[in-house]
Amino acid sequence: MEIQIHPIGKSRIDEVDFNNLAFGRSFADHMLIAEYANGAWQSMTIQPYGPLSYQPAMMSIHYGQSIFEGMKGYRSAKGDVLVFRPEENFKRFNKSAVRMCMPEIPEEIFLGGLKKLLEIDNAWVPNKEGCSLYIRPFMFATDEYVGVSPSTTYKFIIFNCPVGSYYSKPLKVRVETEYIRAAKGGVGFAKNAGNYGGSLFATQKAMQAGYDQIIWTDAATHQYVEEAGTMNLMFMVGGSLVTAPTGDTILDGVTRKSVIQIAKDWGIDVQERQLSVKELVSGILDGSVTEAFGAGTAAVIAPIQTIGFEGKDYQLPDKKDSDFSSKVFTEINQIRLGEIEDSRGWVWKV
Ligand SMILES: *Cc1c(COP(=O)(O)O)cnc(C)c1O
């Protein structure tokens, strides 16, 4: 499929302060747009990032057929642009599409289009420590129709944001026992927009109570730990890495998958199993739970300092350089930046 290219007249790159990047507020010059109609992907265009015009009856706004992905590109010491495991995001995007009755996207558009876009906006990939280019592919229904059914037309877009590092200080999180994120048979495993809209209210309540994030628990019993925000949760329990098994309610994170693989390669016992809040709290108290952290593309590894449950705060030990989470963070960072050998084939060079 041919890509039509309409380059920007004058780059906006000089308007951006690369020493002061907020997450998701600056946008690179160009975006990729592909259109789906008459049962097939029709065209690919790269054009300046900017407003698009749609009818008020556009279906995705009303009925939520809207999915996204998130990944990061880095500048290596040699000056190359490296993206961390985008084939995994491509596969997951199509799983989300199938669940939401949306058309799957060919690799030629998702990865081929991305490659071209990153070649054109190469200068937007930051070369400062901790900074990267956040890549946002997404797809939404575009039929003009007020009826609940799958749309027949869609747009797929990729835009990119130069970003600084995400979380800096260890997090204070609260176990949520009233609201839910995902249930068995639902769409929790898909990166569809509605999951995030639905999570805001409970998260806002926790923030008003002084927490950074919530720990979601299972919808049926609220007894088992699931995820936190847009991160998978991981714990070191008696020297083993413990994380919830993937399924209907857990987003199958690329960071989670990578941390598990590295842990196994390092000879650490990995347990993909349910962890009850009871086991977590008693483990913090008796010292067997030594680390808790979130794993996701935005933060990579976000250490957790405090866990609130039923009105009490439980403190985890202070973060140390010898912690598993510190070591795995360094390892992933060095792989992503091309600083150490990529023996697992995770890095995609543009
Ligand atoms: C995106 C996301 C994650 C993390 O996935 P990564 O592929 O590691 O970025 C975890 N949980 C939820 C709910 C998410 O949306």
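Me: Which residues lie nearest the centre of the second largest cavity?
Reply: The model here is a predicted one. In it, 13 residues line the second largest cavity, and about 90 Å³ of space lies inside. Of these 13, the residues nearest the centre are A292, P303, I304, P317 and K319.

Me: Which elements each supply at least two residues of the lining of the second largest cavity?
Reply: By class, this lining divides into six nonpolar, three polar and four charged residues. At least two residues of the lining of the second largest cavity come from each of two strands, β15 (289-296) and β16.

Me: How many cavities of 30 Å³ or more does a search of the whole structure find?
Reply: The second largest cavity holds about 90 Å³, and the largest cavity holds about 110 Å³. Counting every cavity of 30 Å³ or more in the whole structure, the search gives a total of three.

Me: Which element gives the largest share of the lining of the largest cavity?
Reply: Among the residues that line the largest cavity are M71, K72, Y74, V254, T255, I332 and R336. Two or more lining residues come from each of β5, α6 (254-265) and α8. The largest share is three residues, and the element that gives them is β5.

Me: From which domains does the lining of the largest cavity draw at least three residues each?
Reply: The lining of the largest cavity has six nonpolar, four polar and two charged residues. Its members include F84 and N89, as well as G296 and V300. At least three residues of this lining come from each of domain 1 (3-163) and domain 2 (171-336).

Me: Which element gives the largest share of the lining of the second largest pocket?
Reply: The second largest pocket has 32 lining residues, with G130, S165, F329, N333 and R336 nearest its centre. Elements that give two or more residues to this lining are β5 (71-75), β16 (300-309) and α8 (324-336). The largest share is seven residues, from α8.

Me: How much space lies in the second largest pocket?
Reply: Its lining has 14 nonpolar, ten polar and eight charged residues. Domain 1 (3-163) and domain 2 (171-336) each provide at least three residues of the lining of the second largest pocket. The space in this pocket is about 580 Å³.

Me: Is K95 buried or exposed?
Reply: K95 is part of helix α2 (residues 86-99). Its relative accessibility is 52%, and the cut-off for exposed is over 50%. K95 therefore counts as exposed.

Me: How far apart in space are K95 and A190, C-alpha to C-alpha?
Reply: Along the sequence, K95 and A190 are 95 residues apart. In space, from the C-alpha of K95 to the C-alpha of A190, the distance is 7.0 Å.

Terms used
Residues numbered from 1 in each chain as written. Predicted model: local features only at pLDDT ≥ 70, side-chain atom pairs only at ≥ 80, totals over all residues. Heavy atoms only, no water. 1 Å grid on protein atoms, 1.4 Å probe; cavity = no way out; pocket = protein on both sides within 12 Å on 5 of 7 lines; lining within 4 Å. Points joined across faces, edges and corners; volume = space filled by probe spheres on them. Helix = DSSP H or I, 4+ residues; strand = E, 2+ residues; numbered from the N terminus. Nonpolar A, V, L, I, M, F, W, Y, C, P; charged D, E, K, R; others polar. Domains from an automatic or database assignment. Buried < 20%, exposed > 50% of the residue type's maximum accessible area, 1.4 Å probe, protein only.
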